[in-house]
Amino acid sequence: MLLGIALVTALVVGWIGYRSGSAALERASEQQVTQIRESRAREVASYFTGLQRAVVLNSRTAERSMAAFEAGWR
């Protein structure tokens with residue numbers, strides 16, 4: 001009888017430990033995926049900001065170059 005009670009208790013404790021452990025691992029993996037997603041979103045936004053700045057800078061440079069070329073042509 002004592003062995004049966006000990007076995008049932010061990011099974012219940014093991015099952016509870018398994019459930020809480022798997023829930024903790026699931027939460028940790030969700031947090032990690034969320035952090036990766038946010039990091040990638042910041043990287044993409046930073047890339048497009050840099051690209052926009054480069055386009056603006058190049059357009060201004062091209063505009064100045066065309067004006068200098070036109071002045072030199074005259």
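One helix, zero strands: that is the secondary structure of this protein. Keep in mind that this is a predicted model.

Now the overall form. The radius of gyration is 32 Å. The globule rule gives 11 Å for 74 residues. The protein is well over that value, so it is more spread out than a compact globule. The C-alpha trace says it another way. Along the principal axes, the trace spans about 110 × 10 × 5 Å.

Next, the helix itself. Helix α1 covers residues 2–73. How far apart in space are G17 and A54, C-alpha to C-alpha? The answer is 55 Å, for a separation of 37 residues in sequence.

On to burial. How much of the protein counts as buried? Of the 74 residues, 0% do. The cut-off for buried is under 20% relative accessible area, and exposed means over 50%. G17 has a relative accessible area of 40%, so G17 is partly exposed. L51 is at 38% relative accessibility, so L51 also counts as partly exposed.

Now the surface. The protein exposes about 7000 Å². Carbon and sulfur atoms supply 65% of that area.

Which residues make the nonpolar surface patch of about 500 Å²? They are V44, Y47, F48, L51 and V55.

Last, charge. The protein carries 9 positive and 6 negative side chains. Where do the two sets sit relative to each other? Their centres lie 3 Å apart.

To recap. We have one helix and zero strands, and a C-alpha trace of about 110 × 10 × 5 Å. Buried residues stand at 0%. The patch to look at on screen is V44, Y47, F48, L51 and V55.

Methods: Residues are numbered from 1 along each chain as its sequence is written. This is a predicted model: local features need pLDDT of at least 70, side-chain atom pairs count only at pLDDT 80 or more; totals for chains, interfaces and linings use all residues. Side-chain values use heavy atoms; hydrogens and water are left out. Patches are made of residues with over 30% relative accessible area and no salt bridge: like charges are joined within 9 Å, nonpolar side chains (Val, Leu, Ile, Met, Phe, Trp, Tyr) within 5 Å. Accessible areas come from the Shrake-Rupley method with a 1.4 Å probe; for residues, only the protein chains shown count as cover. A salt bridge is a side-chain nitrogen of Lys or Arg within 4 Å of a carboxyl oxygen of Asp or Glu. Helices (H or I, at least four residues) and strands (E, at least two) are DSSP runs, numbered from the N terminus. Buried means under 20% relative accessible area, exposed over 50%, partly exposed in between (1.4 Å probe, protein chains only). The radius of gyration is taken over C-alpha atoms; the globule rule is 2.2 Å times the number of residues to the power 0.38. Lys and Arg count as positive and Asp and Glu as negative; His and the chain ends are not counted. The place of a charge is taken as NZ of Lys, CZ of Arg, CG of Asp or CD of Glu.
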